[in-house]
Every structure is written in structure tokens, then in C-alpha cells.
Amino acid sequence: MTGRDETEALATGIRRLVLEQSKRAHVGHIGSCLSVADILAVLADEVLRGRQPDDPGRDRFVLSKGHAALALYAALHLIGQLSRERLETFCTDGASLGTHPEHVVPGIDFSTGSLGQGLSIGCGSALAARLARDRRRTFVLASDAECNEGSLWEAVMFAAHHRLGNLVAIVDVNGQQALGYTDDVLSLSPLDARWRAFGWDVHEVDGHDVGALAAELSRLDPDGGKPHVILARTTFGKGVSYMEQKIEWHYWPMSDEQYSIAISELEEGMVA
Ligand SMILES: [Mg+2]
């Protein structure tokens with residue numbers, strides 16, 4: 001396989017594990033995980049440098065939308081950082097693999113889940129790298145609804161003020177949040193102009209096109225002064241037809257029949 005084929009296979013593998021493990025544990029957040037599967041695959045396979053979790057020079061990753069933790073666990077397993085045995089503890093009593101990520105898990109740099117907070121963590125990480133004269137970069141994956149949070153915009157201003165070119169925010173623009181569509185709850189439009197007005201280098205891309213994602217991420221200049229944001233246009237629940245753009249799949253777990261359909265669709269290659 002080519003490198004790009006490997007990334008697409010990784011994305012499909014993440015989706016399969018998300019379906020398997022959420023079914024076993026009978027938990028939700030499936031749609032959010034499917035939304036970011038391609039983004040995580042590109043980051044894990046083509047972008048983040050330093051795969052060893054104890055390498056101090058590794059790029060840092062913050063899953064600000066912590067409720068998509070299962071997709072991150074799946075990625076960590078598929079790149080060899082999390083054992084199958086440990087993955088199977090997801091959402092079992094006493095396990096450290098919960099519905100939100102905790103930094104006690106190797107490969108998880110920061111505990112997250114309080115929405116709107118991850119970019120602030122990323123700012124601290126990026127500024128620390130600069131002070132240490134370390135070339136490592138920090139990547140933050142946030143939801144679009146986190147852009148409703150005042151705390152996020154504080155971080156946006158801080159990063160621009162300190163010219164944190166080693167900071168990359170990726171916004172999963174799926175147009176949904178827990179209880180509604182973003183256009184109905186609190187409109188974000190025009191999202192690109194808002195980030196640009198705050199002094200960021202702004203890019204928009206199809207968040208399911210691994211080639212386009214990788215290309216955009218490879219072109220970002222860490223020394224250009226401006227922090228970078230990728231507005232990744234995605235489909236909530238991507239790859240499972242009955243979940244796509246459906247609000248209820250933020251929380252719902254699957255029935256046996258729904259699980260069977262989801263796996264069938266994955267195997268039929270309906271995933272982009
Ligand atoms: Mg969203």
C-alpha cells in the first residue's frame with residue numbers, strides 16, 4: 001500500500017474499532033468519533049512526529065473535544081501504542097479508558113473533556129516549547145461548538161498575541177452539537193472570517209479527504225508568526241448512513257441490529 005492508502009486504511013480501522021467498542025460498552029458519542037476518524041488518521045500516520053509517548057521532543061496532541069476519546073484510543077491501538085487488552089477495558093469498572101481521555105494513559109498528553117479548554121492547554125504547550133527552544137509543535141482538535149465558548153476565544157487571542165506559529169488548531173466543523181445544529185443553537189458564521197480577524201492563519205478543507213488534510217497540514221509554516229487553524233468540514237456520523245447528521249447519535253448507543261447495519265456499511269466501502 002502507498003502511504004495514502006495506509007492512512008485511509010487507518011481511518012477505516014478507527015471507525016471499525018469505534019463501532020465495536022462502543023457496542024460492547026453500550027455507550028454513545030459514536031457520531032462525534034466517526035466525524036474525526038480521518039483527521040486522527042492523518043495526524044497519527046502523516047503529521048505527528050515522535051511516536052513514543054515518553055519522547056520529550058514529540059509533537060503534542062490535545063483532544064479538546066474529549067468526548068471523541070474512543071476514536072483516539074482506537075488510533076493509539078492501531079499505531080501500536082495501546083494494547084488490544086487495554087482497549088477492551090474501555091468503559092469498564094475501574095479502567096482509565098473512559099468516555100473522556102486521561103493523561104495517565106500512555107499516548108494521551110492531556111486530560112480533556114471540559115469543552116472550550118483544550119486550546120488554552122495547547123497555548124501553554126506551544127509557548128513552553130518555544131521557551132525551551134524545542135521544535136516540537138502542538139496540535140489541538142476542537143469541535144465547532146467549542147467556538148461558542150468565551151474561553152476558546154481568550155486562547156485564540158493569546159496565541160495570536162504571542163505569535164505561536166508552532167500551534168495548530170483543527171476544528172471539526174460538523175455543524176452539530178449535543179442538543180442541536182450549530183446554526184440553530186448559536187451561529188458560528190462566518191467562522192473563517194472570525195478566526196482571521198483574531199490574527200490566525202486560516203485554512204479550510206474537506207475533513208474526510210485525507211490527501212487534502214495532509215497537504216494542508218504539511219504546508220503550515222511554524223516560523224511564520226501566526227498560529228494556524230484548519231477548519232475541517234466534516235459530516236457527523238460519517239460512514240454510517242443512519243447516523244449521518246442526526247443529533248440523537250451524539251449520545252445514543254447502538255442496538256444489535258443497528259450495529260450489524262453499521263458494520264455492513266463499513267465493509268461495503270461506504271466510508272470515504
Ligand atoms: Mg460539532
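Mentor: Happy to. One term to start with: two strands pair if DSSP finds at least two bridges between them. With that in hand, take Arg60, whose bridge partner in S2 is Thr138. Keep in mind that this is a predicted model.

Trainee: OK. How many bridges join S1 to S2?

Mentor: S1 and S2, the latter covering residues 138-143, are joined by 4 bridges and run parallel. Besides the Arg60 and Thr138 pair, Phe61 stands opposite Phe139, and Leu63 has Leu141 as its bridge partner.

Trainee: And what is the strand order in the whole sheet?

Mentor: The sheet is open, has 5 strands with parallel pairing, and reads S1-S2-S3-S7-S6. On average, neighbouring strands are turned by 20 degrees against each other, direction ignored.

Trainee: Which way do the residues of S1 point?

Mentor: Arg60 and Val62 point one way, while Phe61 and Leu63 point the other way, and all are buried.

Trainee: What about S2, where do its residues point?

Mentor: In S2, Thr138, Val140 and Ala142 go one way and Phe139, Leu141 and Ser143 go the other. Here 6 of the 6 residues are buried, so S2 is largely enclosed by the rest of the structure.

Trainee: Tell me about Ile170, then. What is it in contact with?

Mentor: Leaving aside neighbours within four places in sequence, Ile170 is in contact with Ile39, Leu43, Val140, Leu141, Ala142, Leu217, Ile230 and Ala232. Ile170 is also among the residues with the most contacts inside the largest nonpolar core, along with Ile14, Leu19, Tyr73 and Leu217.

Trainee: How many residues does that core have?

Mentor: The largest nonpolar core has 57 residues. Helix H2 gives the most to this core, with 12 residues. There is also a second, separate core of 24 residues, which includes Val140, Leu167, Leu191 and Trp200. More generally, in soluble globular proteins, nonpolar side chains tend to be buried together.

Trainee: So where does H2 lie?

Mentor: Helix H2, residues 30-47, lies across S1, S2, strand S3 (167-173) and strand S7 (228-233). H2 runs at about 175 degrees to S2.

Trainee: Changing topic: Val171, buried or exposed?

Mentor: Val171 has 1% relative accessibility, so it counts as buried. Val171 is found in strand S3, and its contacts outside the sequence neighbours within four places include Ala142, Cys147, Trp195 and Leu231. The C-alpha atoms of Val171 and Val42 are separated by 14 Å, and these two residues are 129 residues apart along the chain.

Trainee: How many cavities of 30 Å³ or more does a search find?

Mentor: The search of the whole structure finds 3. The largest cavity has a volume of about 270 Å³ and is lined by 18 residues, with Leu48, Leu76, Ile79, Gln81 and Gly107 lying nearest its centre. The elements that give two or more residues to that lining are H2 and helix H3 (69-78).

Trainee: Now for the backbone. Which residues are joined by a cis peptide bond?

Mentor: Ser189 and Pro190 are joined by one, with omega about 0 degrees. Pro190 sits in the loop between helix H7 (182-185) and helix H8 (191-197).

Trainee: And what is the phi of His26, and of His29?

Mentor: Phi is near 55 degrees for His26 and near 65 degrees for His29. Both values are positive, in residues other than glycine. Most residues other than glycine have a negative phi, and most peptide bonds are trans.

Trainee: Where does His26 lie? And where is His29?

Mentor: His26 lies in the loop between helix H1 (3-25) and H2, and His29 also lies in the loop between H1 and H2. His26 has 52% relative accessibility and therefore counts as exposed, whereas His29, at 13%, counts as buried.

Conventions
Residues are numbered from 1 along each chain as its sequence is written. This is a predicted model: local features need pLDDT of at least 70, side-chain atom pairs count only at pLDDT 80 or more; totals for chains, interfaces and linings use all residues. Side-chain values use heavy atoms; hydrogens and water are left out. Axes are lines fitted to C-alpha atoms, for helices over the stretch in contact, and angles run from 0 to 180 degrees between N-to-C directions. Contact means heavy atoms within 4.5 Å. A nonpolar core is a set of buried Ala, Val, Leu, Ile, Met, Phe, Trp, Tyr and Cys residues joined through side-chain atoms within 4.5 Å. Buried means under 20% relative accessible area, exposed over 50%, partly exposed in between (1.4 Å probe, protein chains only). On a 1 Å grid over the protein atoms alone, a cavity is a set of points where a 1.4 Å probe fits but cannot get out, and a pocket is an open set with protein on both sides within 12 Å along at least five of seven lines; lining residues have an atom within 4 Å of a point. Grid points are joined across faces, edges and corners, and a volume is the space filled by probe spheres set on the points.
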